[in-house]
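User: I'd like to learn how to read a model like this one. Could you walk me through it, starting with confidence and then moving on to helix packing?

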Amino acid sequence: MRTFPPSSRTRKRCLPVKVSLTATVLSIAVAFVAAWCVNRSGIRHRELFNLLLVIPMLIPSISHGTGLIILWGDNGILTRLLGLSRSIYGFWGIVFGSVMYAFPIAYLMIADILQYEDKSPYEAAQVLGIP
């Protein structure tokens, strides 16, 4: 019976952990920035941005994957248009797909926190001239 060398087994077990940690960190970071911009800045059409950032959650996940392949695959529309040579079939492609899938959920949670957080300390700091 042939088995994988120990280093290969360890690497194969760690790869999904790396992908999920990377996707989680990126999803939370991008969701925080988007939620802060929508809730704390004076952006107009706030409801429209809220809707546009949450709509991907309503799309079936197979559509996310198909869209990624059609746009960024080896013969994808944007790949040919931009003349890219990198492939989406690998670590960063999986991370990008995972971020697309997890972003709306993270955005909703962070936006809800920012919406109901007490704003009086920030207003007091602004009155006192504290940046």
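Analyst: Where pLDDT is low, the predicted coordinates should not be read in detail. This is a predicted model, and the protein chain averages a pLDDT of 88, with 95% of the residues scoring at least 70.

User: Where in the protein chain is confidence lowest, and where is it highest?

Analyst: The lowest is helix H6, residues 120-128, at a mean of 85. The highest is H5, at 92.

User: OK, how do I describe two packed helices?

Analyst: You give the angle between their axes and the distance between the axes. Here, take helix H3 (residues 61-72) and helix H5 (residues 91-116): they pack at about 135 degrees, and their axes are 10 Å apart. The crossing of H3 past H5 is right-handed.

User: Which residues of H3 and H5 meet?

Analyst: From H3, you have Ser61, His64, Leu68 and Trp72; from H5, they meet Phe96, Gly97, Met100 and Tyr101. Sort the residues of that contact and you get five nonpolar, three polar and no charged.

User: What about Gly90: where does it lie?

Analyst: Look in the loop between helix H4 (77-82) and H5. Gly90 has 30% relative accessibility, so it counts as partly exposed.

User: And how far apart are Gly90 and Gln115 in sequence and in space?

Analyst: In sequence, Gly90 and Gln115 are 25 residues apart; in space, they are 37 Å apart, C-alpha to C-alpha.

Note on methods
Residues numbered from 1 in each chain as written. Predicted model: local features only at pLDDT ≥ 70, side-chain atom pairs only at ≥ 80, totals over all residues. Heavy atoms only, no water. Axes fitted to C-alpha atoms, helices over the stretch in contact; angles between N-to-C directions. Helix = DSSP H or I, 4+ residues; strand = E, 2+ residues; numbered from the N terminus. Left-handed = near helix turned anticlockwise from the far one by under 90°. Contact = heavy atoms within 4.5 Å. Nonpolar A, V, L, I, M, F, W, Y, C, P; charged D, E, K, R; others polar. Buried < 20%, exposed > 50% of the residue type's maximum accessible area, 1.4 Å probe, protein only. pLDDT = per-residue confidence, 0-100.
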